[in-house]
Amino acid sequence: MADTDMTDTALADPTERGTLGYEFELFPTAILQWTVDDIRAQAQRAGFSSKITGQESTDALQVMYPGCLVIPAGFPFNKHVHICQQLVEYLRQQGLHVNDTDQEMIPRVPENPALRQQQTPFAANASNERYHRWSVTVDETVNMKGTFDPQQHQPRDTYLESEIKGCSGIEVVSPALTDTPESYQQVARVLNLCKNLYFLHINETCAMHVHVAFGPHKIAMDPLRKIACLLFALDPLLVTLHPGLRTAGNPNCPSIRQYSNVARGWRALDAVKDLNKIRMGEEDEYDPVYYQEGHRAGGDVAYVALEEALAELKACKKPEEIAWLLECESRANYSFRGFFNKLNNGTSNNPTIEFREHAMTSDAARVIAWGRFCVALVRYAALDMSDEDLEEIVMLCSDAEEEPEPGPGRSYIWELMDFMELKDNAYELRVPRPEA
């Protein structure tokens, strides 16, 4: 399907409502099937202990450790590959369209012609065929910290440490879904299937990311500016919807309001100059303005005013300039990095806005509610929000930030959702209504 511009005019296909993709970070509990020789070799190490004798069959180990995925002894490939491939095959057995996972743990479109030729319900939503199906891959940012022992029903950091030490988590990636009940039903089904296959552990290293776009329709500059301005303004309020472990300086999703280039003093013209250097192959010239101008002093950062930052975002002429102004030292809580990456890899795929701040949960209702809200927020900014609306929202955000510590009250979230006609999302996310 040819790319078209995403403008303020209505679109005549389901992606008008928005498309989204989920990334679920999970930690399946797995054990290695030791051989007798393995046990003897490992027993020489100080502190080694294991309930496994090396004589157990796979079935016996599954009885000993219910919910654990048994990795065969002498498995010739990386054990992470086995975990991913097991889930791929299981999901296919349940009738889902799933990409292959190769020996480098990279999802690829199926090599089997019969699988590749199957018509998926999401094929029209993305030009990259990889996002027509579900994918499973390894995620090294997920680890066993606080691993839960299903037999003891309590957290134990040392649970099966000898058997699963070094085993990273997995990431389950959805296709480019339409914002419809049928899509969300499939999301809930996949989450339940994951829980059916093995004991699914979710800890503080696990996160849920949501990518939002409009299918094959490129987001034009005016809607993109509005989306960027709205998320920048709302950031301090949206943080109240998430647990502290996903905020408070989490290095995996730093705040665009606190740590982005524009928050620390970059201007639109600075972004243009730096991007031109990159086009000329001068990546080593990257020298952010906030370092040059000394906005960091003794570890403290002097943030620019909200209105000043929004003025710079509005002054951007190209998508990569917005992405560069909202760039942090790592991928931001509301990341526009895809619009910048297009500059480097020449891809024709439509970039997405990535919401990274939500903690992972196995609660399908919460997963769906957050996805629906992310799409609704982007759709509102791109299609419905006027300049006057944005000014009103900025005033509300400024009022909220003037409240005394510990920060803006969640009642402002309800007021803003009401203003944006997103009250249904407020109910779904259990945002408290302000007191009468």
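Helix 3 passes helix 6 in a right-handed crossing (a crossing is right-handed if the near helix is turned clockwise from the far one by less than a right angle, and left-handed if anticlockwise). Helices (H or I, at least four residues) and strands (E, at least two) are DSSP runs numbered from the N terminus. The model is a predicted one, in which local features need pLDDT of at least 70 and side-chain atom pairs count only at pLDDT 80 or more, while totals for chains, interfaces and linings use all residues. Residues are numbered from 1 along each chain as its sequence is written, and side-chain values use heavy atoms, with hydrogens and water left out.

The axes of helix 3 (residues 79-93) and helix 6 (residues 181-197) come within 11 Å and cross at roughly 120°; axes are lines fitted to C-alpha atoms, for helices over the stretch in contact, and angles run from 0 to 180 degrees between N-to-C directions. Helix 3 is therefore oblique to helix 6. Angles under 35 degrees count as roughly parallel, over 145 as roughly antiparallel, 65 to 115 as roughly perpendicular, and the rest as oblique. Gln86, Leu87, Tyr90 and Leu91 of helix 3 make the contact with Leu193, Cys194, Asn196 and Leu197 of helix 6, where contact means heavy atoms within 4.5 Å. By class, 6 residues of this contact are nonpolar, 2 are polar and none is charged. In this classification Ala, Val, Leu, Ile, Met, Phe, Trp, Tyr, Cys and Pro count as nonpolar, Asp, Glu, Lys and Arg as charged, and the others, Gly among them, as polar.

Helix 6 also packs against helix 14, with axes that come within 10 Å and cross at roughly 145°. The crossing of helix 6 and helix 14 is right-handed. Helix 6 contributes Tyr184, Val187, Ala188 and Leu191 to the contact, and helix 14 contributes Ala364, Val367, Ile368, Gly371, Arg372 and Val375.

For helix 7 (residues 221-238) and helix 11 (residues 306-314), the axes come within 9 Å and cross at roughly 160°. Helix 7 is therefore roughly antiparallel to helix 11. The pair crosses in a right-handed sense. On helix 7 the contact involves Arg225, Ala228, Cys229, Phe232 and Ala233, and on helix 11 Leu306, Ala309, Leu310, Leu313 and Lys314. The contact of helix 7 with helix 11 has 8 nonpolar, no polar and 2 charged residues.

The largest nonpolar core has 109 residues, and those with the most contacts inside it are Tyr22, Phe24, Leu231, Phe232, Phe336, Phe355 and Leu377. A nonpolar core is a set of buried Ala, Val, Leu, Ile, Met, Phe, Trp, Tyr and Cys residues joined through side-chain atoms within 4.5 Å. Helix 14 (residues 364-384) gives the most to this core, with 14 residues. A second, separate core of 8 residues includes Ile31, Trp34, Ile39 and Val70. Not counting residues up to four places away in sequence, Phe232 touches Ile256, Arg257, Ser260, Val262, Ala263, Leu306, Ala309, Leu310, Leu313 and Leu326.

The chain has 17 helices and 18 strands. Of its 436 residues, 53% count as buried (buried means under 20% relative accessible area, exposed over 50%, and partly exposed in between, with a 1.4 Å probe and protein chains only). Among contacts with a separation of 6 or more, 74% are between residues 24 or more positions apart.

Thr15 lies in the loop between strand 1 (4-6) and strand 2 (19-28) and is buried, at 4% relative accessibility. The C-alpha atoms of Thr15 and Pro216 are separated by 7.9 Å, although the two residues are 201 residues apart along the chain. Leaving aside neighbours within four places in sequence, Thr15 is in contact with Asn125, Thr178, Phe214, Gly215, Pro216 and His217. Ser386, in the loop between helix 14 and helix 15 (387-401), counts as partly exposed at 24% relative accessibility. Ser386 and Lys226 are 160 residues apart in sequence and 8.7 Å apart in space, C-alpha to C-alpha.

Met105 lies in the loop between strand 5 (100-101) and strand 6 (107-108) and is buried, with a relative accessible area of 13%. Glu421, in the loop between helix 16 (411-419) and helix 17 (423-428), counts as exposed at 73% relative accessibility.
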